[in-house]
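This report looks at how the parts of one protein chain are arranged and what joins them. Please keep the sequence and the structure at hand while reading.

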Amino acid sequence: MTKKQRAQIVQEELEKLYPEVPIPLDHKDAYTLMVAVALSAQTTDKKVNQITPKLFAVADTPEKMAKLSVEEIKELIKEIGLANSKAKNLKKMAEVLVEKFNSVIPQTYEELESLAGVGHKTASVVMSQGFGFPAFPVDTHIHRLMTQWKLTSGKNVVETERDAKNLWNENVWNKLHLQIIFYGREYSPARGNKEKDFLPKLLFPEKT
């Protein structure tokens, strides 16, 4: 079976499992999405969704966030990992958005990635889920599963993203990257029970 054929099976099976895919992080606009994604580094989406209502009740715009001190932000997000550095980044991100972008979230990778706490993955999520541009954000779930499915060499997330974009048409990128994440969580967790993980059996029948 070729890599392209395996990719097609993955797409078809995930479409059966997840015909509709909600965005995992609770948000109301591109700014609150970007904040939630920035907070999600080394933390579960579930945990981020637990703390963002309190944060957004106080600071759901760049102007409001910029007016808070780093300590005030840290107090609001203290339950998640790396709260200290994330608080500093949120403060700096908000200040730059106000001063340089007139509080409007930019819609280019270059501008998004110039903001504190916004790497390529976060920018990709904002472009994809916030603005609807075709993007394929690669997180640890996607990197691990695509390596497992032998759809990428697995050297790094940059290569995984490039391989994903080459394997699937861009009109499915925004949905498919979420479908892979949901599959990873439900059927193939990094740790724990993988009895439900059926895709390897379909992709590599000769090994079963």
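## A charged pair between the domains

In this predicted model, Arg 185 forms a salt bridge with Asp 45, and the closest N and O atoms of the two residues are 2.5 Å apart. Side chains of opposite charge can pair when their charged atoms come close. Asp 45 belongs to helix H3 (residues 45–58) and Arg 185 to helix H11, so the pair ties together parts of the chain that are 140 residues apart in sequence.

Between domain 1 and domain 2 the count is one salt bridge, whereas the count for the model as a whole comes to ten salt bridges.

## How the chain is divided

Domain 1 is made of two stretches of the chain, 3–21 and 136–203, while domain 2 covers residues 30–131. The centres of domain 1 and domain 2, taken over C-alpha atoms, are separated by 27 Å. Eight residues from domain 1 and seven residues from domain 2 take part in the contact.

## The interface

Domain 1 and domain 2 bury about 600 Å² between them, and 45% of this area lies on carbon and sulfur atoms. Across the interface of the two domains there are four residue pairs in polar contact, counting pairs in which both residues have pLDDT 80 or more.

On the side of domain 1 that touches domain 2, helix H11 (residues 170–187) supplies the largest share, with four residues. The residues on that side of domain 1 divide into three nonpolar, two polar and three charged.

## The annotated region

An unreviewed UniProt entry lists residues 39–186 as "domain: HhH-GPD".

Notes:
Residues numbered from 1 in each chain as written. Predicted model: local features only at pLDDT ≥ 70, side-chain atom pairs only at ≥ 80, totals over all residues. Heavy atoms only, no water. Domains from an automatic or database assignment. Contact = heavy atoms within 4.5 Å. Buried area = accessible area lost by both parts, 1.4 Å probe. Salt bridge = Lys/Arg side-chain N within 4 Å of Asp/Glu carboxyl O. Polar contact = N/O pair within 3.5 Å; in protein donor to acceptor, adjacent residues only side chain to side chain. Helix = DSSP H or I, 4+ residues; strand = E, 2+ residues; numbered from the N terminus. Nonpolar A, V, L, I, M, F, W, Y, C, P; charged D, E, K, R; others polar. UniProt positions renumbered as here; feature names shortened; annotations may be inferred.
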